[in-house]
Amino acid sequence: METCITPFPNDGAGDQLKPFPERLYAVPPRIASGSVPGISVDAYLKDNTMWKKHVKAYKRINSILDTGRYRNIMDMNAGLGGFVAAIYSSKSWVMNVMPTIAKKNTLGVIYERGLVGIYHDWCEGFSTYPRTYDLIHANGVFSLYKNKCNLEDILIEMDRILHPEGAVIIRDEVDVLVKVKKIVAGMRWDTRMVDHEDGPLVPEKILVAVKQYWTVDGGSCSTTVSVLCYRCFALICLAFY
């Protein structure tokens, strides 16, 4: 099945791929050959260095990133896969999403790094089969979709695919994050906005949020009640469809 489903490119680049996890950090063949417009080997290496720096800052903000608590992770705007490479752990599984409106199509680079990826338009719903997520990373997603669809629609979709008590890391311009922070307050996310790792004068900021596990009365519900609530919700959904 490997021969049919994931064939190597005809240009012989497949012979250059190293075994995993070495290939995660090596220069992908299509970048080495210059077949990705606008992305040189030097730019690729700088991207990796930048994301190591970003993830180091994330770990200072959220100390449990290194504990294996977040098993299913999503990067909503994966780029070259630098975030995943910097946060890689054998305890986690990562879905890398390439927005269909991204300026550069780098999904092939993600595949050559030995990662899983998919195209998606974040103005639409995301198929979560077979899993939902413990951690969602959104780098520049809201600026990218600023004039395409409502921020609320993207945030509600993020809330849907995120586990209760799951975390979100949003990196974007400060004016965008201020709007996002107001919206998620009504979604009962606990939020904290922090400065860029290079200091408060950088307009790019980081918004960290945790989705709370809550019920209508504000208290915690038992397993039995939770199951009943879920079944009632499922029946309501079926009635509408």
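A contact, for today, means heavy atoms within 4.5 Å of each other. With that in hand, hello everyone, and let's walk through this predicted model. Among contacts in the protein chain with a separation of 6 or more, 63% are between residues 24 or more positions apart. The chain has 241 residues, and buried ones make up 40% of them. For secondary structure, we have ten helices and seven strands.

Before we zoom in, a word about confidence. The mean pLDDT of the protein chain is 84, with 82% of its residues at 70 or more. Where is confidence highest, and where is it lowest? Strand β4 comes out highest, at 96, while helix α10, residues 223-240, is lowest, with a mean of 40. Across residues 220-241 the pLDDT is below 50, and beyond near neighbours in sequence that stretch has five contacts in the model. Where pLDDT is low, the predicted coordinates should not be read in detail. So please keep that in mind when you look at the end of the chain on screen.

Now to helix α8, which spans residues 151-161. Its buried residues are L151, I154, L155, E157, M158 and I161.

Next, empty space. Rolling a probe the size of a water molecule over the atoms shows where empty space is left. Counting cavities of 30 Å³ or more gives one, and the largest cavity holds about 40 Å³. Its lining is made of Q16, L17, K18, R23, A26, V27, P28, P29 and E112. By class, that lining has five nonpolar, one polar and three charged residues.

The second largest pocket has a volume of about 430 Å³. There are 17 residues in its lining, and D47, N77, G79, L80 and N139 lie nearest its centre. Helix α4 (41-61) and strand β4 each give at least two lining residues, with the largest share, three residues, coming from α4. The lining splits into eight nonpolar, five polar and four charged residues.

Is K103 buried or exposed? With a relative accessibility of 86%, K103 is exposed, because the cut-off for that is over 50%.

Let me finish with some backbone details. Most residues other than glycine have a negative phi, and most peptide bonds are trans. Here, F20 and P21 are joined by a cis peptide bond, with omega about 10°. P21 is in the loop between α1 (2-5) and α2 (22-25). E165, in strand β5, has a positive phi, near 70°. Its relative accessible area is 49%, so E165 is partly exposed. R188 also isn't a glycine, and its phi is positive at about 60°. You'll find R188 in the loop between α9 and β6, and at 38% relative accessibility R188 is partly exposed as well.

Methods
Residues are numbered from 1 along each chain as its sequence is written. This is a predicted model: local features need pLDDT of at least 70, side-chain atom pairs count only at pLDDT 80 or more; totals for chains, interfaces and linings use all residues. Side-chain values use heavy atoms; hydrogens and water are left out. Buried means under 20% relative accessible area, exposed over 50%, partly exposed in between (1.4 Å probe, protein chains only). Helices (H or I, at least four residues) and strands (E, at least two) are DSSP runs, numbered from the N terminus. On a 1 Å grid over the protein atoms alone, a cavity is a set of points where a 1.4 Å probe fits but cannot get out, and a pocket is an open set with protein on both sides within 12 Å along at least five of seven lines; lining residues have an atom within 4 Å of a point. Grid points are joined across faces, edges and corners, and a volume is the space filled by probe spheres set on the points. Ala, Val, Leu, Ile, Met, Phe, Trp, Tyr, Cys and Pro count as nonpolar, Asp, Glu, Lys and Arg as charged, and the others, Gly among them, as polar. pLDDT is the predictor's confidence in each residue, from 0 to 100.
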